[in-house]
2 protein chains.
Amino acid sequence: MSTKNKILDAADVLFADKGFNGTSLREITSQANVNLAAVNYHFGSKKELIKAVMSRYMDELSPQLESALSLICQAEQKPTLHEVFYAFIDPLLKLNEFKENGTSTFLQLLGRGYTDSQGFLRWFLTTQYPNVFTNFTKAVKIAYPELTTEEMFWRLHFTMGTIVFTMSSSEALIDIAQNDFDNKLDIAGVIERVIPYVAAGVAAPITNN
Amino acid sequence: MSTKNKILDAADVLFADKGFNGTSLREITSQANVNLAAVNYHFGSKKELIKAVMSRYMDELSPQLESALSLICQAEQKPTLHEVFYAFIDPLLKLNEFKENGTSTFLQLLGRGYTDSQGFLRWFLTTQYPNVFTNFTKAVKIAYPELTTEEMFWRLHFTMGTIVFTMSSSEALIDIAQNDFDNKLDIAGVIERVIPYVAAGVAAPITNN
DNA sequence: AGCTAGTTTAAACACCCGTTTAAAATAGCG
DNA sequence: CGCTATTTTAAACGGGTGTTTAAACTAGCT
């Protein structure tokens with residue numbers, strides 16, 4: 001395997017686990033069995049490495065999400081909110097074929113990116129992959145047209161927060177849940193549980209104060 | 001003002017803004033106009049300072065939350081989920097009297113603590129302030145007894161995630177929202193919007209797969 | 001084989017970190 | 001006042017950080 005990929009593979013596990021700030025290049029390169037300077041040689045800087053790690057997932061995910069959402073929007077009958085959110089499941093789970101534990105690693109990275117480094121990753125995602133967001137809001141708008149744009153703005157961000165936050169601590173939660181309820185559970189199980197939650201949240205009746 | 005309080009005041013703003021790992025003692029002490037060594041003299045270590053910052057809020061909040069929740073549980077008619085969640089609003093908003101921008105700062109700190117430093121703050125909160133959690137689950141159990149303990153476990157963590165994550169990026173979101181919808185909005189407004197969302201999420205019908 | 005372009009390597013660089021030290025300053029009190 | 005205990009201070013410590021350097025190595029190709 002190429003040095004570049006060895007670095008990427010080691011980096012995304014460590015980044016997901018300990019955050020971007022919390023992971024040093026020395027940890028990454030020793031885990032990847034490559035020289036420290038290789039990161040700067042192949043990627044230029046740590047920041048560019050972070051972008052590369054995220055891009056590897058987004059380039060895989062983004063087209064699949066786009067087609068899944070546009071399929072829903074063009075269907076003869078208008079979709080339910082439940083269907084809109086379920087459109088995310090297959091593309092997300094396919095990341096597991098793309099890479100071992102790809103789904104949960106990616107979602108953890110997303111969570112890290114939201115809170116670490118003062119939102120530079122949010123800027124990166126919204127500017128580099130804007131279609132994912134516009135397609136999603138379009139689909140929600142069709143499924144729940146009564147929702148004002150502003151309410152939708154907030155509820156989608158709440159949803160983003162729920163997903164991302166849950167997944168970034170999903171390993172710990174799964175551990176606790178398996179101890180307390182001895183119920184075999186994996187990342188797909190968590191997704192199965194979070195979808196009804198966020199769908200109900202977005203579908204909540206509009207309160208007019 | 002005492003050196004100790006100057007440090008605490010500077011620390012919680014910086015911690016909320018840039019995370020625990022992302023804030024150095026040198027930033028804190030220069031912002032507080034005190035000597036670098038003062039932190040270790042008064043608090044012992046950075047970790048103890050983090051605990052002290054959180055305790056200052058929790059000691060204020062915890063009793064108020066406990067009484068608000070037990071009031072609800074002991075009412076003659078069983079509470080709705082909406083009421084259970086609204087019980088949080090007043091105690092949280094009272095943090096603004098306790099300290100300028102106390103509410104949003106505290107919630108941001110909570111978000112930081114969940115993701116930074118591999119969950120040591122979660123351990124700290126659940127072991128030092130267990131009553132808040134048990135009272136909350138008790139109240140939810142009364143309001144929605146059909147929910148299994150396991151489902152409740154997950155939905156409460158989803159809720160925690162939504163709140164904490166939303167608030168940790170609330171400033172940026174409020175900025176965007178005010179630009180796009182020119183709608184005056186503050187932290188209380190965000191709370192007003194997130195409550196129906198999480199209440200609906202927790203109240204979502206049970207799916208049996 | 002000999003040259004070149006691409007890659008890897010060990011070492012050093014300059015800087016930031018949390019913590020400790022020991023001296024200086026400041027209060028508090030008999 | 002003079003003594004003691006507390007607090008503040010500047011400086012240093014040991015270690016970790018991302019990045020850069022220049023030399024060594026390794027293809028690939030004529």
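This is a predicted model: local features need pLDDT of at least 70, side-chain atom pairs count only at pLDDT 80 or more; totals for chains, interfaces and linings use all residues.

User: Okay. At what angle do α6(B) and α7(B) pack?

Analyst: The angle is about 115°. Helix α6 covers residues 89-98 of chain B, and helix α7 covers residues 102-115 of chain B. Their axes are 6 Å apart.

User: So what do you call that arrangement?

Analyst: Roughly perpendicular, because angles of 65 to 115 degrees count that way.

User: Which residues make the contact?

Analyst: From α6(B), they are B:Leu92, B:Leu93, B:Leu95 and B:Asn96. From α7(B), they are B:Gly102, B:Thr103, B:Phe106 and B:Leu107.

User: How many of those are nonpolar, polar or charged?

Analyst: Five are nonpolar and three are polar.

User: What about α4(B) and α6(B)? How do they cross?

Analyst: Helix α4 is residues 46-73 of chain B. Its axis and that of α6(B) come within 9 Å and cross at roughly 145°. The crossing of α4(B) and α6(B) is right-handed.

User: Who touches whom there?

Analyst: α4(B) brings B:Arg56, B:Tyr57, B:Glu60, B:Leu61, B:Gln64, B:Leu65 and B:Ala68. α6(B) brings B:Pro91, B:Leu92, B:Lys94, B:Leu95 and B:Phe98. By class, that contact has eight nonpolar, one polar and three charged residues.

User: Next pair. What is the angle between α4(B) and α9(B)?

Analyst: It is about 20°, with the axes 9 Å apart. α9 of chain B runs over residues 130-143. Angles under 35 degrees count as roughly parallel, so α4(B) and α9(B) are roughly parallel to each other.

User: Is the crossing of α4(B) and α9(B) left-handed or right-handed?

Analyst: Left-handed.

User: And which residues meet?

Analyst: On the α4(B) side, B:Ser62, B:Leu65, B:Glu66, B:Leu69 and B:Cys73. On the α9(B) side, B:Asn131, B:Val132, B:Asn135, B:Phe136, B:Ala139 and B:Ile142. The contact of α4(B) with α9(B) has seven nonpolar residues, three polar and one charged.

User: Let's switch to chain A. What is there in α9(A)?

Analyst: One residue to look at is A:Val132, which sits in helix α9 (residues 130-143) of chain A.

User: Is A:Val132 buried or exposed?

Analyst: Buried. Its relative accessible area is 11%, and the cut-off is under 20%, so A:Val132 qualifies.

User: What does A:Val132 contact?

Analyst: Beyond its neighbours within four places in sequence, A:Val132 is in contact with A:Ser62, A:Leu65 and A:Leu69. The C-alpha atoms of A:Val132 and A:Pro63 are separated by 8.5 Å, though these residues are 69 residues apart along the chain.

User: Now B:Thr159. Where is it?

Analyst: B:Thr159 is in helix α10 (residues 149-168) of chain B. With a relative accessible area of 4%, B:Thr159 is buried.

User: What is B:Thr159 in contact with?

Analyst: Setting aside neighbours within four places in sequence, its contacts are A:Tyr197, B:Phe85, B:Val198 and B:Val202.

User: How many residues of α12(B) are buried?

Analyst: 14 of its 16 residues, so this helix is mostly covered. α12(B) takes in residues 187-202, and its end C-alpha atoms are 22 Å apart. That agrees with the 22 Å that its residues should span at 1.5 Å a residue.

User: What about α1(A)? Which residues are buried?

Analyst: A:Ile7, A:Leu8, A:Ala10, A:Ala11, A:Asp12, A:Leu14, A:Phe15 and A:Ala16 are buried. Their cover includes α2 (25-31), α3 (37-43), α4 (46-73) and α7 (102-115) of chain A.

User: What follows α1(A)?

Analyst: A:Gly19, whose phi is positive, near 85°.

User: Where are they?

Analyst: A:Asn101 is in the loop between α6 (89-98) and α7 of chain A. B:Asn33 is in the loop between α2 (25-31) and α3 (37-43) of chain B.

User: Are they buried or exposed?

Analyst: A:Asn101 is partly exposed, with a relative accessible area of 48%. B:Asn33 has 65% relative accessibility and the cut-off is over 50%, so B:Asn33 counts as exposed.

How values were computed. Residues are numbered from 1 along each chain as its sequence is written. Chains are lettered from A and ligands numbered from 1 in the order in which they are written. Side-chain values use heavy atoms; hydrogens and water are left out. Axes are lines fitted to C-alpha atoms, for helices over the stretch in contact, and angles run from 0 to 180 degrees between N-to-C directions. Helices (H or I, at least four residues) and strands (E, at least two) are DSSP runs, numbered from the N terminus. Angles under 35 degrees count as roughly parallel, over 145 as roughly antiparallel, 65 to 115 as roughly perpendicular and the rest as oblique. Contact means heavy atoms within 4.5 Å. Ala, Val, Leu, Ile, Met, Phe, Trp, Tyr, Cys and Pro count as nonpolar, Asp, Glu, Lys and Arg as charged, and the others, Gly among them, as polar. The expected span of a helix is 1.5 Å times one less than its number of residues. Buried means under 20% relative accessible area, exposed over 50%, partly exposed in between (1.4 Å probe, protein chains only). A crossing is left-handed if the near helix is turned anticlockwise from the far one by less than a right angle, and right-handed if clockwise.
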